[in-house]
Amino acid sequence: MVILNAVKTSALKLKMFSELVMFSHTLFSLPFAIISMVWAAGGWPSGHMMLWGLIALIGARNGANAFNRLVDRTFDRENPRTAHRHLPQKLLAEKEVIFFIIINYALFIVASGMLNLLCLLLSPVAIVLISSYSYTKRFTFLSHLYLGFVIASAPIGAWFAVTGNIAFTPFVIGTVVMLWIAGFDIIYGTQDIDFDRRNGLWSIPSFFGLENALRISKGLHFIMILLLLFLYLWRDLGWMYLVGIGIATLLLMTEHRIIKPHNRRLMKVASYNLNQVISMVILLCTLTDYFYVS
């Protein structure tokens with residue numbers, strides 16, 4: 001009975017930590033990291049590369065997301081939309097979250113070292129960058145772009161992991177990710193316009209207003225599609241890749257049509273669910289194009 005209770009407690013803690021860092025949101029960065037690794041390797045990377053690359057990605061994003069929750073715990077407690085989260089509700093202790101952050105960042109550094117020297121040397125810089133996002137809403141409305149920039153480190157780092165060299169293509173992929181993430185994070189941020197203004201927090205919606213923020217979001221996604229088309233020409237890709245971009249474009253158009261900032265269910269669909277589908281569509285069509293069409 002004691003062992004069973006311990007297992008149940010551990011499973012519950014694991015579930016709460018998974019919810020804390022929104023583990024399902026790995027689908028935002030992982031597909032583009034895989035594309036970057038495949039293009040860098042000229043095919044499937046080695047099992048060693050895929051394993052440690054995946055561990056590095058998970059360690060970095062888990063540590064960064066948990067750090068963000070820790071830094072924002074006071075604002076989350078005061079915001080009705082986020083008051084249910086684990087730290088405001090004291091479902092997880094601050095010491096537990098700090099330990100979780102340390103473990104994941106340590107895992108990221110170890111995994112980086114297992115990849116190559118460049119990744120190991122850049123790992124402390126990466127930790128500073130992904131952790132500093134948590135403070136950007138205190139002083140700049142560009143926080144959405146900075147979030148996108150941080151997540152864009154996944155495909156850029158994936159390329160470095162495979163080649164150990166800096167190249168042009170991963171930075172284009174990274175820019176695609178940055179614009180895409182910033183665009184739908186702006187949409188998500190429209191729910192907190194009043195709260196952000198009352199509490200002195202910066203965001204594009206609170207600074208520019210609802211309508212202008214949505215126009216900026218559309219503009220970022222438009223440039224994202226243009227860059228994806230640029231990659232089609234730059235990498236001499238095939239028709240299946242274009243199919244994926246076409247589907248992604250239709251999904252983005254749907255996303256912008258269904259936005260209702262005061263309807264949390266629709267905002268979750270627009271900000272998260274559709275974008276998880278978009279990343280998977282681009283991944284599947286790009287890999288199909290690379291291995292079976294081009």
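At which residues does UniProt place the feature "transmembrane region"? The unreviewed UniProt entry gives this feature at residues 20-42, 97-130, 142-162, 168-188, 216-234, 240-259 and 271-293; the positions follow the numbering used here, feature names are shortened, and such annotations may be inferred rather than shown by experiment. The model is predicted, so that local features need pLDDT of at least 70 and side-chain atom pairs count only at pLDDT 80 or more, whereas totals for chains, interfaces and linings use all residues. Residues are numbered from 1 along each chain as its sequence is written, and side-chain values use heavy atoms, with hydrogens and water left out.

Two of the annotated segments were examined for secondary structure, with helices (H or I, at least four residues) and strands (E, at least two) taken as DSSP runs numbered from the N terminus. Residues 97-130 are 97% helix and 0% strand, with the end C-alpha atoms 16 Å apart, while residues 142-162 are 90% helix and 0% strand, with the end C-alpha atoms 31 Å apart.

The largest nonpolar core comprises 74 residues, and those with the most contacts inside it are Trp-39, Val-97, Trp-180, Met-224, Leu-228 and Ile-282. A nonpolar core is here a set of buried Ala, Val, Leu, Ile, Met, Phe, Trp, Tyr and Cys residues joined through side-chain atoms within 4.5 Å; buried denotes under 20% relative accessible area, exposed over 50%, and partly exposed the range in between (1.4 Å probe, protein chains only). Helix α9 (residues 169-189) supplies the largest share of this core, 11 residues. When neighbours within four places in sequence are left aside, Met-224 is in contact (heavy atoms within 4.5 Å) with Val-176, Leu-179, Trp-180, Leu-252 and Ile-282. Another core, of five residues, lies apart from it and includes Leu-214, Ile-259, Met-267 and Ala-270.

On the surface, Phe-222, Ile-223, Leu-226, Leu-229 and Leu-242 form a nonpolar patch with about 420 Å² of accessible area together. Patches are made of residues with over 30% relative accessible area and no salt bridge, like charges being joined within 9 Å and nonpolar side chains (Val, Leu, Ile, Met, Phe, Trp, Tyr) within 5 Å, and accessible areas come from the Shrake-Rupley method with a 1.4 Å probe, for which only the protein chains shown count as cover for residues. Helix α12 (residues 210-234) contributes the largest share of the patch, four residues; Ile-223, found in this helix, is partly exposed at a relative accessible area of 40%.

Five salt bridges were counted, each defined as a side-chain nitrogen of Lys or Arg within 4 Å of a carboxyl oxygen of Asp or Glu. In one of them, Arg-73 pairs with Glu-94, the closest N and O atoms being 2.9 Å apart; Arg-73 lies in helix α4 (residues 73-78) and Glu-94 in helix α5 (residues 94-115), 21 residues apart. Arg-73 is partly exposed at 24% relative accessibility, and Glu-94 is likewise partly exposed at 37%. A salt bridge also joins Arg-81 to Asp-192, with the closest N and O atoms 2.5 Å apart. Because Arg-81 lies in the loop between α4 and α5 and Asp-192 in the loop between α9 and α10 (193-198), this pair ties together parts that are 111 residues apart in sequence, and both Arg-81 and Asp-192 are buried.
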